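Hello,

Here is the structure we talked about. Please open it, then read the notes below.

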Amino acid sequence: MRIFIAGAGAVGTHLARLFVDSDHEVVLMDEDEEKLNQMESHLDLMTRVGCMTSLEDLKEADVSSADLFIAVPPYPDMSMLACILAKKLGAGTTVSRVNNSEYLLPENKEYFRQLGVDEIIYPEQLGAKEACDSLKLVGISQLFESSDGRLVLAVIKIKGDAPLTHMPFSDIDAERKERYNIVAIYRDDTTIIPHGNDQLQDGDTCYFITTRENLPLILADAGKEIVTVNNVMIIGGSRIGKRIAVQLEQNYNVKLIEINRDKSIRLANELEKTLVIHGDGRNLELLKLEGLSKMQAFIAVTDNSEVNILACQLAKKYGVIKTVAEVENMDYIPLAEGIDIGTLINKKVIAASYIYRYTLHAHVAYVKCLTSTNAEMIELVAQPSSKITRAPISQLGLPKELNIGGVIRGDKVLIASGNTQIQPYDKVVLFAMQSAIRKIEKLFV
């Protein structure tokens, strides 16, 4: 697939790396020639110097040959115009990143689609949803839904005394195998797709595919206690911080600390129930004064990844059980994972998840790129001609880089096993390394 990315900022360069690694033909366009030269020296892609809102520059860059056009400029409002122009010149699917939630209203999305913008993504809104979802069951680092929440991927750090620790997967009893599926392990910066003789170790990050009603069982098996969240502290009144407060303030006691005085006043006027405090979230005395030790959850979403990591580490030290950090610097993610920060939010990875499915030829319903691994959670729909339907899972000779977690068949939800035979039009939720994506497509087309 020929993919045209307009904008060589943080999101654009992350997408370029992702798509090059997946063997796509990538063209990266930006007005900053130095940025493009750096990318070209490290990645096998083409670059074009030019303005994404210039018809002449887009024509010269041959945008009409793009199967997928992605606009992710530093100023998101430019992205809508870039997509409209690219579609007019003959580009295929167009995707725009925005920073205005009004664009996502159904009537507005349809209007923009008529103009030529096929998909609109607002990473801050998606990141806020992930942060809020993570508070529903403390002990789960991340929770992702597929098939309207009928199947979920729960990411949990395993404690050394957990019932599952040091137990070969083949010894897990049949009742549990019907209630959850362990599809991956993250250990020592390596993603493992487990099989029968593999075992969980203390400190492993484990990926479970299950249903919501089985989450308490999984937490117990992972050595975690269920804790109810009542009090939440947020530092950082950014767009994502505000959206988190809006979503939480109806059900939780929320305090938001913002260092900028004018922004604090504006947030205090806009938020209904959140207590907004003007102050420096790095100030330990302020945090203690505002009741840090009484918080069950702490969310750090300033524009500084280091501050967010350190603030969450400090909150853990003072007894806060659930911490969430926005970490935009990809180099810091392994560090944050290693010191058990909790839930990590990265807008680049979130944007990639929603765009990546447009590069797949199979019938894809959902893709979630995961923060710390080079793997994805994917939901695909089996077709009558799909190879995946020809035999039970154990007899298909599936690549070792993937695990099928669950199947949605009409009103039924099935946790997959070796005896499961996938039928046409089943929704299949699987976990796969990026290296297996092309193999998966061949199974489902």
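A residue is called buried under 20% relative accessible area, exposed over 50%, and partly exposed in between. By that scale D173 is partly exposed, because its relative accessible area is 33%. Please keep in mind that this is a predicted model.

**Salt bridges**

D173 forms a salt bridge with R176, and their closest N and O atoms are 3.1 Å apart. R176 is also partly exposed, at 25% relative accessibility. The whole structure holds 21 salt bridges.

Another one joins K109 and E119, with 3.9 Å between the closest N and O atoms. K109 sits in helix α5 (residues 106–115) and E119 in strand β6 (residues 119–121), so this pair ties together parts that are ten residues apart in sequence.

E328 is in the loop between β16 and α13 (333–338), and K348 is in helix α14 (residues 347–356), so the pair links parts 20 residues apart in sequence. Shared partners join E326, E328, K347 and K348 into one salt-bridge network. K348 is buried, with a relative accessible area of 8%.

**The core and its strands**

The largest nonpolar core has 47 residues. I5, L15, F19, I70, I404, I440 and F444 touch the most other members. Helix α1 (residues 10–21) gives the largest share, six residues.

Look at I404 next. Beyond its neighbours within four places in sequence, I404 contacts residues including N181, I388, A416 and V429.

Strand β4 (residues 68–71) is covered on both faces. L68 and I70 are buried on one side, F69 and A71 on the other. β4 pairs in the parallel sense with strand β1 (residues 2–6) over four bridges. There, A6 has A71 as its bridge partner. β4 also pairs in the parallel sense with strand β5 (residues 93–97), over four bridges. In that pairing, L68 is the bridge partner of T93. β4, helix α4 (residues 77–88) and β5 make a right-handed β-α-β unit.

T323 lies in strand β16 (residues 322–326). Is T323 buried or exposed? T323 counts as buried, because its relative accessibility is 0%.

G319 is in the loop between α12 (305–317) and β16. G319 is partly exposed, at 46%. Its C-alpha atom is 36 Å from that of V429, which is 110 residues away along the chain.

Best wishes

How values were computed: Residues numbered from 1 in each chain as written. Predicted model: local features only at pLDDT ≥ 70, side-chain atom pairs only at ≥ 80, totals over all residues. Heavy atoms only, no water. Core = buried A, V, L, I, M, F, W, Y, C linked by side-chain atoms within 4.5 Å. Buried < 20%, exposed > 50% of the residue type's maximum accessible area, 1.4 Å probe, protein only. Helix = DSSP H or I, 4+ residues; strand = E, 2+ residues; numbered from the N terminus. Contact = heavy atoms within 4.5 Å. Pairing = 2+ DSSP bridges. Right-handed = clockwise from strand over helix to strand, strands pointing away. Salt bridge = Lys/Arg side-chain N within 4 Å of Asp/Glu carboxyl O.
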